[in-house]
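Here are my notes for someone opening this one up for the first time. Keep the sequence and the 3D view side by side while you read.

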Amino acid sequence: MKIQQELLDNIIDEMIPLTEQHYNEIDHYLQRNKCSLDPDYDKYFLIEESGGLQIVTAREDDNRLIGYVFYLVDTHAHYSGVTFGYCDILFVDPGYRNSGVASEMLLYAEKNIGCDYMTLSEKPGHEFPRLISSLNYELLETTYVKRVSK
């Protein structure tokens with residue numbers, strides 16, 4: 001297995017079916033509220049061009065994409081001298097979960113993305129407390145959502 005940084009253009013064709021699988025698996029609230037998966041890839045490309053998107057991937061020996069993590073990297077609006085890497089997406093192929101792939105990608109990101117702090121979030125029903133504690137993440141905040149448009 002190989003862990004590395006890659007550009008969106010190099011993974012997008014392989015990633016799209018995995019993203020759909022991921023959405024169907026975890027975004028039940030958004031599905032119930034009729035929020036369909038429709039990634040704005042043009043926006044991702046613009047963010048990447050500015051240096052604000054960093055992607056770490058995991059590939060099997062046959063070069064098949066088995067995991068990826070997207071970080072949105074920027075200074076924090078409240079702490080201008082500090083750089084945060086906000087984990088936007090973390091996906092590992094179900095056949096490779098609990099095998100250390102997520103840990104390896106996150107550790108690689110910590111060493112190579114160049115942030116002061118990195119965030120990691122989880123969806124209700126899809127928690128990964130062992131991963132979070134093994135990598136020494138601490139609870140920072142809890143986020144809630146409410147649909148306000150009809």
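1. Start with how the chain comes together: among contacts (heavy atoms within 4.5 Å) with a separation of 6 or more, 63% are between residues 24 or more positions apart. Keep in mind that this is a predicted model, in which local features need pLDDT of at least 70 and side-chain atom pairs count only at pLDDT 80 or more, while totals for chains, interfaces and linings use all residues. Residues are numbered from 1 along each chain as its sequence is written, and side-chain values use heavy atoms, with hydrogens and water left out.

2. On overall dimensions, the C-alpha trace spans about 45 × 40 × 35 Å along its principal axes. The radius of gyration is 16 Å, which agrees with the value near 15 Å that a compact globule of 150 residues would have. That radius is taken over C-alpha atoms, and the globule rule is 2.2 Å times the number of residues to the power 0.38. As for cover, 37% of the 150 residues count as buried; buried means under 20% relative accessible area, exposed over 50%, and partly exposed in between, with a 1.4 Å probe and protein chains only. The accessible surface comes to about 9800 Å², and 50% of that belongs to carbon and sulfur atoms. Those areas come from the Shrake-Rupley method with a 1.4 Å probe, and for residues only the protein chains shown count as cover.

3. Now the parts list: five helices and five strands, running β-α-α-α-β-β-β-α-β-α from the N terminus on. Helices (H or I, at least four residues) and strands (E, at least two) are DSSP runs, numbered from the N terminus.

4. Two strands pair if DSSP finds at least two bridges between them. S1 runs antiparallel to S2 (residues 53-59), joined by five bridges, and isoleucine 3 stands opposite alanine 58 in S2.

5. Next, S2 and S3. They pair antiparallel over seven bridges, with isoleucine 55 opposite phenylalanine 70 in S3. Together S2 and S3 form a hairpin with five residues between them, and asparagine 63 in the turn has a positive phi of about 80°. S2 is mostly covered, with six of its seven residues buried.

6. S4 deserves a look too. Eight of its ten residues are buried, so S4 is largely enclosed by the rest of the structure. S4 pairs with S3 in the antiparallel sense over nine bridges, and with S5 in the parallel sense over two. Within S4 sits glycine 85, buried with a relative accessible area of 0%. Glycine 85 is eleven residues from aspartate 74 in sequence and 6.7 Å from it in space, C-alpha to C-alpha.

7. Which residues touch the most other members of the largest nonpolar core? In this core of 24 residues, they are Val69, Tyr71, Leu90, Met105, Leu106 and Ile113. A nonpolar core is a set of buried Ala, Val, Leu, Ile, Met, Phe, Trp, Tyr and Cys residues joined through side-chain atoms within 4.5 Å. S2, S3, S4, H4 and H5 each give two or more residues to this core, and H4 gives the most, with five. A second, separate core of 14 residues includes Leu8, Ile12, Phe70 and Phe91.

8. Finally, proline 129 lies in H5 (residues 129-134). Buried or exposed? Proline 129 counts as exposed, at 56% relative accessibility.
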